[in-house]
Structure formats: structure tokens, C-alpha cells
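I want to go through the chains, then the charges.

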Amino acid sequence: MSEEEAYEFVMNTLRKEAIVPLDHEEIDIVRSIEKCMNCGSCINLCPVVAAVGMDTFSGPRSIAIELSRSTPEFWTSANMIFLCTGCGTCRENCPHDVDIPMIVNLLRWVIYKQRPELIPKQLLEVQNRLEKHSLAFEPWEDIEDKNESRDVRIEQLGIPFVKDRKGVKAEVLFYPGCQAEERAQEVREAAKYILVRLEVDYCLLSEMSCCGLPARLSGAKELARDLEKKLISKIKETGAKKIVTTCAGCTSSLSEIIENSGVNVKVYHIIEYLMEEVDEAKLKLLFERGRGTSESTITIHDPCHLIRHTSRMIMYYASIILRMIPGVSIKPSSAFDSCCGGGGMVGYHSPHVASRVTEVNVKAIERTGAERVVTPCPLCTTQLENELFRSNVVVDVDDFTVFIAQQIARGER
Amino acid sequence: MFDVVVIGGGSTGTAVARDCAMRGLKTLLIERDDIASATVGTCAGMISSGLKYMDEPEIVDLCSQEVVYFNKIARHIIMKNPILTPIFGMSDLSSGGNFAEEYSKRAAKRQVPPVLFLTPEDSLKIEPMLNPDLIASLYFEEYFINPFRLCILQAQDASVHGAEIRTYCEVVDIRLSNNEVKSVVFYDRVSGKKEEVSTRIIVNATGPWAERIAGLAGTNVELRLNKGAHVILDRRVVNVGVIAKAVDGRMIYLFPHESTVLLGTTAIDTWEDPDTLVTSHDEIEYLLKSMEWVVPSIRKARIIRTMEGVRPLIAEWKIPEGEVTRGYKIIDHSDEGVSGLLSFTGGKLVMCRRMAEDVTDVICKKLDIQATCETHIRPLPGNDSDIDVVSLAKEYKVSQHVVERMRTRRGTKTRDVLELVRDHPEWRTTICVCEPVIEAEIRYSIRNEYPRTINDLRRRLRVGTGPCQGTNCTYKIAAILSEELNLGIAETLIEMTRFLSERWKGKRPPFRGDLLAQEELVQAIYSCVGNLDREAIHEPNPWEEGL
Amino acid sequence: MDLEPDVLVIGGGMAGLVAGTVAAQDGLDVLLIRRGQGSTAMSSGAIDICGYMRGATVHFESPIEAIQTITRVHPLHPYSIIAYDEGGIVPEKSIKYIKDATNWLKKQLARSIAAIEGDLSRNLMQLTQIGTTKPTCFVQGSMVHPGLYDNDSRPLFVGIRGHSDFNAAITANTFLQYRMDIDMAPRIVLNEMIDLSPHGRHHNIASIEIARFLDTEEGLEKITSILKNEVKRTGATHVVLPAVLGIERAIDNAKHLSKETQATVFETLAFPPSVPGLRLQMALDRIFQASGGTLILGHKAVSGVFKGETLVEVKASGPKRKISIRPKAAVLATGKFISEGLLGSQKGVREPLFGLVTVTGEFYDASEEYPRRHTRPIPFTNRGHDIFQFGVPVDENLRPVDYNGRAKAENLFAAGAIIAGYDFSSEKSGLGVALTTGYVAGEKVIRNIRSDI
């Protein structure tokens, strides 16, 4: 047998035995799980366990200790693995930093390789879209319709339109993410408006391209890598030294892929950018101009991808910024940092599970008596909006960026 | 009056009981502890083709043949073990070549490929943890069997064919009459009573204790006892098995096995009481140091525990352990003037069925019975056909993963366990989360597989074998066992400390890293809150002496 | 952005939170960073002060008695260290600290979800989830069981179908056997399995799920009607439940149930991480924040910068960001092995953050002591494993010291399980030492910043 044939033969045997050879990176992920003591603290705090119970979702401990340990030929645990929303509460509270969200991605990947028939078909549809358009959402067929939708949205919100800056080089790249690009366009517009008002030298990608997070979360590791590579080269084209994004998922995902790629670019969520790169006096001044135009009682929802996948400091900053706005009073919600239920692609295939997770938030938000919820993530915004509506709770939901842009815009008038 | 009393419930003893019973002999098996509780319970579970012993071609032939039989009679408890032997220098290459030739001769018969040579690049794709300095690697395939299940199934099958199985019965005397064995006296450790049974033949299948048992009849067995230790690592940190040369030139291995990786073994001649042995610091470092050359990151992997056993080798002296024959001998003590007593020395796990066949042939001849061996064609319980895990999981509303793991222990008998949840839906509850094992299987095992302790359940179900080593499940299992066996209350608490003590035996020698945190948690649960350090002190185990 | 709080607390279990709260209540700006949940969640939720002497089989009647003995026999025990005064140990000083700390905590927790009862004059023999009893000092309001040991008590142990943590029958029998062995009441116990399903099924039910269910009206109504019937049917005087009475409402629930059933309904001590442990951790978190402290979760301190004898900077990292903190003073409350305040290799034990000196229970250098050598062949003995006494040595101001016995930094204090010289599990003293040293460290930090020590 030739060397090539020998290799093929061995790989074939491994396939038959359902052994997916893990690479270095994956073995490192498995290693992090070795620190698990099986204490079970994570179960006490997992929002999915809280919402649907241990029998439907056996919880992070089970993923860490049971599913990841299992011999590869037994990895058919798709019924559990796909219900994780990836909120990271388990990892944050683990005494040993066991990286359960990562192992979830890994296990999903192994299932994708080994038992693709067990993958929820809605995830395969997302993967198809990503492959076709490099976007997590189906792009608009008619660009005119898209623009019209945008205009209606920003007009309602009172955010002035500023033109896109594409195909230019700039210090700062603004990266709206798939959702703000294709669906929540008001977030994208709000961010542009803020950047212009702050006189930031910024640009957009000539063509939006997904960061790969949805692919990774659905198990399509190779696709995620392709998307990452594509995006990195697009980022390099802009010559930007800083990336600002309005999406919580993109913040953590970009931070990771930029670090892994070795490109010398710093990633900011717009909150961090406002706090660290913008003169506080300037921001205050813009807010002050709108004094007296509006009064608002808000509550804040912390997106998992910011607090648990990037840093809790970001929401600490957010509260500082929001407190600068005249007329805003903040009512804390007891569920301020619980997962909104929209993560981990769970909403795509098991919306009932996602809604149950959201319920905790809905109840807590209602109890605050606030008029609106502000959250710096378009995904959380949508999830909370839908569920509040469904529960007949009359509370508005605003993306943080939109909320800030509105305040600045009121001062301009 | 029994035809045969088999002493020893290891792989050989249970195989003998099965063969004898299947040939219609009235058979009793006596084991002083639990089935598979000693030597076989500490082996890697590999049913090897015997290639380590190339100098004994007849043994390689025998082993290879047995593997074929096991694949027929016990395929539900067998897993393939693909192995790489990385080669770092030309000297490795030439010895590898000889090996390849011997192996390949028998490959077709065993339904495995001949030894394959792989390039360094391909080797690293298959096993990225290897030292990248390798110049090539050899690939070949072996099989694992679950040694505990093998013994249990053999014993159960023996029962099905009429044999009686008595565990926790220690043989204290062999009585003779006119230089013939007449009866066996044993002490039942559960009832606390002595019993005597008459028999025509006694088979001494007690491994390292063969000398002691033979001595009861005034006869002699000489063994070369040799200690072997394993370090058990958490999770499959390698994709395939790896074989490497140790610091002293012996061959050692790193095998993914169930949900762990086994690093073994050492070989040290021993005269110690086998019950008191624990793995030494030196043995652990010997194994880690040796494997580090081939898998450089091995020291970072989490150690779950160590385990150690004793090889009852045939007594050949003044040669290294590795050169002692791996064959077995049946000693007929009538040469010493005591007839009806047969003792085993030597042998390997893979040969157990064959050893049983041989000794049963001898017995049949002695008793003048015409019956042929069928142990190699009649399947062990559960081997009958494939089962559909996904539909069983749906039908009984138990997680797929639980059913998958149960299948590897029970094959077609999985359904028998699941049936219990119809009347007791609460028995769907997962008790050991590391493996995972549900309450129904624990209850089923207690009712059908004669365990007396949590440790016995561990052998049957793998409960408490995960990284937490019973931290989370010991008290839950103790309560179930107590209910099923009607244990006295003090016994329930002591059963907890006994099991955790047995686990501690393997955690203490490699005590480092994450084991410290794990033990702090054990203390927090069982001492600090449970107060067992004050309220449930057990009799010291043999290895705990000298405190 | 750099942070410049007055006080940085590293670690947020009982010790860190108490130190931080004490400092914050004095008006200092306190930042607490924590990785993991805080080890108090990994407790039974009862507060042990000291139950046993290491090596003893008979428990202390009271923590006061314990402190008097320990300060005499173990001069380097944390309870003794805080009693040093002008070179000698003054037991009353230690007792005063413990009194102050426990009174303070009782007050803080008074209207919280984990309000505690008990006092230093006696140890309670609290019933555990496996039917044993253990000495502890303060228990949450949902765990008290007056009259359980009276001659005419008839406790009913109630288990929940599919909740594998608590087997009512076995626990009841163990308890009875134990009481009979010492010839004490009760002389009769009852047990029952009830159906209480939070999600409509009767298997794989975790304690936390039941606790959450009992926080709802629906759950409470359900268990009330079940227990009412059971008590009526059996004539029980007490109802023994696993520790699942609620997260936010456990104490009210216990009161409500006791009133409705006319029997004393209470929770047993549960194995960590227990629901009462979670309640205590949450209550302490809230008290700290209500006192003005800033709690930043998900951040691990990774290194420190010392200038001369002062800690000037601590670097910490979150999941994908790094921060720098420049406090005036800091409290190290990172715990032992579970929380990785200490790390052990096969060759020794070290403190990974600041590289502080570590010592054995005998106060020898621990950096090159094989951990195995400091364990016993039997896992559970009344002497415990010496390895769990390992830690950092501190001076009478609770400042970690170097090999010469001098403070590593004038503004760095230690509290809780990272301090050497005691074994929480053998002594049953874990949360007590954490509380007391946290309280003392808080006071020392205040003095350090306000005046100078």
C-alpha cells in the first residue's frame, strides 16, 4: 500500500469508528474542560435549565463532563447540545474557567461532521445563506425597498440620515454586523450619525461580510474559518487601525478573530469607543444640548456577548454614559444580566425554548416600571421586543446606539 | 456434590465456570471478593494479538485466533483500538520492520489491515499530539474488550447454564480424602457463616493467589509475580493509541479507552501482599517521563487516578519480565500426589476462553464425560443483534447519550433495563453524571448482577469512574444500594466512606494539580457537611495499614 | 480605562465580600473583582464558626469554648493570629472580633434572603441531607428546627420523586439510628415521597429547579396542600425537607408552611453547591452592592506590580479585555485549591497571583513539599489532610509575610481560605474564618487608608 493509500485507509477506519481527529486548538478546548470538578454550580445558574428544566436541557455540567468526555462514537447528543444559548453564564461562574461555550461549538462541529442528520435543518439553512451571501440574513432583493425601509425606520426615530462612506481609507472602520446591515438598519444609521457628529474619520466595508459567528455556533467550523479569512482581508483593505461595531456578538467574535489573525487592529464596541476614545466633555456637550427635550425612565439589559464573552467593564461604561444623559433615570432590573434567549441559534430551531428563557427578562422588566429597555445588541433588542409584545407588556426596546443617537439628534434640532 | 468448584472470579475463573456449565458439569464458582475485582480489573482491557511476544509465534497465533472468537461472541463490549507507533530513529525502524512482518502474516485472518507505514505529516494529522520530530510511524489495529463486562457476562452465562456463582466467599480450606480432593470450605463474608461443599474437581484460577490456594491442599505452585501500574488520564486527549519506548527501553502505551486515556504499564517484580499494593511516585514519573518524549504535552493532561495489579507470570527467573513467556500452564497436582486439583499459572486476558477450554477438556477426560467446547461459537448475553439507540431513547424518554452508553454494556439487553422506567418513571434520573448512568440501570444491576458494594457497581456500570471519582454520586448510590439490599444504616454511611476510600487509593499517589481541588470538594461535601470524618469510620483497607 | 479605587478586593466569597462591604460602609470606594461565583455558593449555607478540634471526636459545645481552646493550642491558627496583642495571644481579642463580625453579619443579613439565626454561646447539631448531624453555629431561618430533639417529636422526612439528592427513607433511618445510638429522642421517624414536579415530569429534578418552583405562587400552593395532608395523616411534629425551599422566598416559605401545617417545616443541611449556599452568596453580593461597592464579575487578577513595600497596580483580564487597577490598598481573598487561590503541582504548592510565600500546616515552606506527603492514606479521619491547612502566612494585621516574617506589602491584606493554619473541613470552621478574617481585613484596610498601619 502506498503512503497516500495508507493514510486514506487509516482515515477511513477512524471515520468508521466515528473518531474525528481533533487538532491542537480543539484539544486545547477539551483540556479546559479537564478542570471540571463536577461541582454543578453551573446548573444552578444556567438560564436554559431555569427555563425548561434539566430533563430537556441537561445543562452545562452535563456538556462539560458527560458529553465532552464521551467516546466519539457516542456523540449523538444533538438533542441537548443545540439547546445551549451560548450565554456563557456557566463559564463566568465556574471556579475553574471551564470553557463550556467553546466545547458546545466543538461538539456541534463533531456532530456536523459525524452525524449531520442530527443537525436542526434551520441551522443548515443559515449555513447555506452564509455560504451564498456571506451574510446571516437573506439580503433584500430590491435595494430600493431596503432603502425605503431604512428611511421609514430612522424617520420614526428622528435620526437624521448621513451618507455611507465606502471605498475610502480611514482610521476607523465601522462594522455594523449582519443584523444591523440587513434588518435593524436603524442601528447602522444611528452609529454612522454618532460617528459623524463626533467627527470621527470612519469608513464602511465596500461590501458587508459576516464575522463567522453564526457558522461557528451552528457547527460549521470550516465555513466559519472561510468567513473569518474573507473578513480579515476586507478589513486589511480599509487600512483601518480601529474597528467599531454596534453588535455584541460581533464585538466578541471580532476580538477573537482579530487576535488570532495577528492583524494590528483594535476592536471596540461603540460603548468602549465612546468611553475610551472620545473626549468626555465633547460627549457631554452633545447630550447637554438635548436637555429638556425628553425625559425617560429606562432599564438596561446586558448582552451576554458583551459581559460574558468580552468584558463586564463594557456595561459598566454603558451605565456611566447613560447617566450623562439629562432626563434619563435608570431602574435596575433584577434580570439585567440574564440571557435574552436569542443566542446560540436556539431561536432558529427551538423558538419555544428561546421564549421560555426570555420570560425571566420580561417579568423582571415589567416589574421595574421603566418605559423602555436599552440594550447594546440588535439581537437582544429583537428578542426582547418580540417577547414583550407577545406578553402584552408595553415597554419599548431601544438599541443603545439608537438611544444615544436620538439624544444627540434632539440636541441638534 | 459438585463436579467442579472453580476458585477465583476473574477472567479465567468465570470462563472456566461458563465452559464447564455449558458442557453440563455441575459447577460452583467461588470468589472471595467481587467478580473481576483483582487482576483483570486493573488491566487495560486490550485483547491483544500478542505481538509484543513475537518470539513466541504459537502464542501470537493463539491470541490472534481468540480475538476472532471474541469478535463473534462479545462484539457489543468490544471496541477497535487503532494504534500509531511513532519512529524517531533508524534503529526503531528495523525493529518495527520485523514487527510489521509478523503482524501482517496474521492480519487477514483477524480482519485487520497489515501494518501500514505513515509519513510524519500524515501521522501528525491523525495524532497532532505526537512529537513532530518523528520520521515515520507504524499503524496497526487491536481491540479492547470491557474486562468487567466480559467477566460478568461469562459468570451470568454460566448461571444460565446451571452454574452457581458465590461472590464474597473466601476459600479457607481444601479437604482431601485418600489424596483426592473431597470438599472446599469457605467463609461467606456477607452472612458470616462457614460452608463446606463437596466436589470432584477443583480449579484454582486465583491468579496471584494461586500459591496460597494450592497450599491449602498441601501442594505447590510457583509464580513470578510482577506489579504493573497505569496512570489514568481524563478524556481522550489522544485520538488514537500510541506506543513508545520507555526510559529503560521497555515498550509502554497510551491508549484512549472508554472516556479516558490509559498510560501504562510498569513492570516490577513483587513479593508484597497484592492487596496492599498502590502505585508509587516512581512508577508515575517513569510513565510520564517516558511518554513525554513521544507526546510532549502529556504532563499537562489531568490525571484521574492510578491503578495497579499483579501479573501472575509463569516462574521463569533471571530474565527480564518482558522475556518471560506469556503462555499459560495448567498444573495437575496429581503429580504431587493430590488428584482433582488443577491450577493455572501465566496467561493473558485474551487467552481466558482458551485456557478455560483446555482445563475443561482435562476435567471432562478425568470425569469421563463426552462434551465438546462451544464457548467460542455461542454468544455472550446481549450480543444477539444491533439495537436502534435513537428509537429506544424516544420510546422510553431517556436521553440518547444514556442509551448509547448502556448499549456498550448490555447490547440487546438494554431494553430490559429501560423497561423498568415504565413502572418507575423517576428511575430515569441520571445518578452518575460523568458516565452517565441512570437509576434504572443501577437498580437492574443490583437485582440481576449480584453486586454487594458501590465498588461492585462501579465495575458493572462505570459509576464513579469519571474525573470526579464519585464526588457527586457516592451518596446517591449508597442510598439506592441501601434500599435494594436492605443495608443496616451504619453500613450505608460506611459504604460511602469505603467507596470514597477505594477511589482515594488511586487519587493519592498522583496527588497534584486538579486532584487537589477535587479532593477539597470531596472533603467539603463528605467531611465538612456530611460529618463522615467523625461519624463513619470504616475498618482500614489493606493498603491503608500503617496509618 | 484605568481604575483607581480606594480598595481592590480580589475574590468574592464570604471573606472578600465582607472585607469589601466593611470598607464600603466606611465610605471607601471599593472595587471587587471575581472569577467564578464565589466559594460561599459552594457551602451548605450554614455558618460554622468552629465545631471540632483537629483530631478530636467530640465536638465543641460552643464556638466560644472552641476559640479559647484553639488560641491556646494552635498559636498560628487564624483565630489566634487576630488575637495577637503586643506579642502575646489574648483570646478575648479573638472572641471580640468574632462577636463583632457575627453580630455585624446578622444585622446585614437581617432582611435578606439568607437571614441567619444562632449565637456564639452554643453549637447547633444540625441535621444533614444524609441523616447525620454536624455542629454549626448559624443557620438560615428556613433551617431552624426547634423541638426536633424533644421526646415527643415525630419528624416526617419528605423526599421528592425524581430528586436524587435526597432519599427520605434512608435519611430518616440513618437519623433515627444515630439518635438511638446515643439514646436520645426522637424515637420515631416517618418518611414519605411526594410528587412535586416543576416541569411536569418526575425524573432528573435538580434542587435548584424545585427552589425556583417554590418561589412561585403555584409551587407554594402545591407544596402547602401536599404537606398539610401529610402532616394531618401522620401526626408529624416536624417536616424535614431537602434544602429546596426557595431562592428568594425560602424563609417566608418555611414560616408559611409551618403555619399552615402546624408542624415545624425546615430544610436539612445540603451538600455544596447548595441552594442555601447560593442564597447566602447572593445576599452577600447584594449587601456589598447596596453598600456602594462595585462588583465586576468574570475578571481574573493576573499579576501585581510592587514598588518597594507597596502594591501599586493589579492587572486583571476579562474574557477578551485586560484592565489595570491602581488601588490604595488591596485584600486578597482568592481561597484555596477549588478557587485556585493556591495551585499545587506534584512538587509543591504556590500562590499564583503575587507569588507569595506559601506554608504547610506546620508553617514550613510549602513551595517544595509534595502534596501527597501531606495527605493520609485514609481520606476521612478526625485529623483531616494536612494539605488543606496550606496557605499564605500572615502577620497580626493579616498581611501576607515573606520568609523574614515581614509584610510583603504594607497595603496588601489577606482574608479567608488562602490564609494558612486551619482546616475548614476537619474543624468545621470554613465560613467562620472567612467571615472573621474578612471583617478584620476590612477594618485593617480602613485604618491603612485613613491613618496608617
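These entries go from whole chains down to single side chains.

**Ground rules.** I'm working with a predicted model, where local features need pLDDT of at least 70, side-chain atom pairs count only at pLDDT 80 or more, and totals for chains, interfaces and linings use all residues. Residues are numbered from 1 along each chain as its sequence is written, chains are lettered from A and ligands numbered from 1 in the order written, and side-chain values use heavy atoms, with hydrogens and water left out.

**Chain A.** I looked up the secondary structure and got 23 helices and eight strands (DSSP runs numbered from the N terminus: H or I of at least four residues for helices, E of at least two for strands). The C-alpha trace spans about 80 × 45 × 40 Å along its principal axes. The radius of gyration is 22 Å, which agrees with the value near 22 Å for a compact globule of 413 residues (taken over C-alpha atoms; the rule is 2.2 Å times the number of residues to the power 0.38). Buried residues come to 67% of the chain A total (buried is under 20% relative accessible area, exposed over 50%, partly exposed in between, with a 1.4 Å probe and protein chains only).

**Chain B.** Here I have 17 helices and 20 strands. The C-alpha box is roughly 65 × 60 × 55 Å along the principal axes. For 547 residues the globule rule gives near 24 Å, and chain B, at 23 Å, agrees. I get 68% of its residues as buried.

**Salt bridges.** My search over all chains found 116 of them (a side-chain nitrogen of Lys or Arg within 4 Å of a carboxyl oxygen of Asp or Glu). Arg23(B) is buried at 6%, and Asp19(B) is buried at 0%.

Next I took Glu483(B) and Arg443(B), which meet at 2.9 Å, N to O. Glu483(B) sits in helix 14 (residues 474-485) and Arg443(B) in helix 12 (residues 439-448), so the pair ties together parts 40 residues apart in sequence. Glu483(B) is partly exposed at 35%, while Arg443(B) is buried at 6%.

Glu484(B) and Arg447(B) form a salt bridge at 2.8 Å, N to O. This pair also links helix 14 of chain B to helix 12, 37 residues apart. Arg447(B) is partly exposed at 47%.
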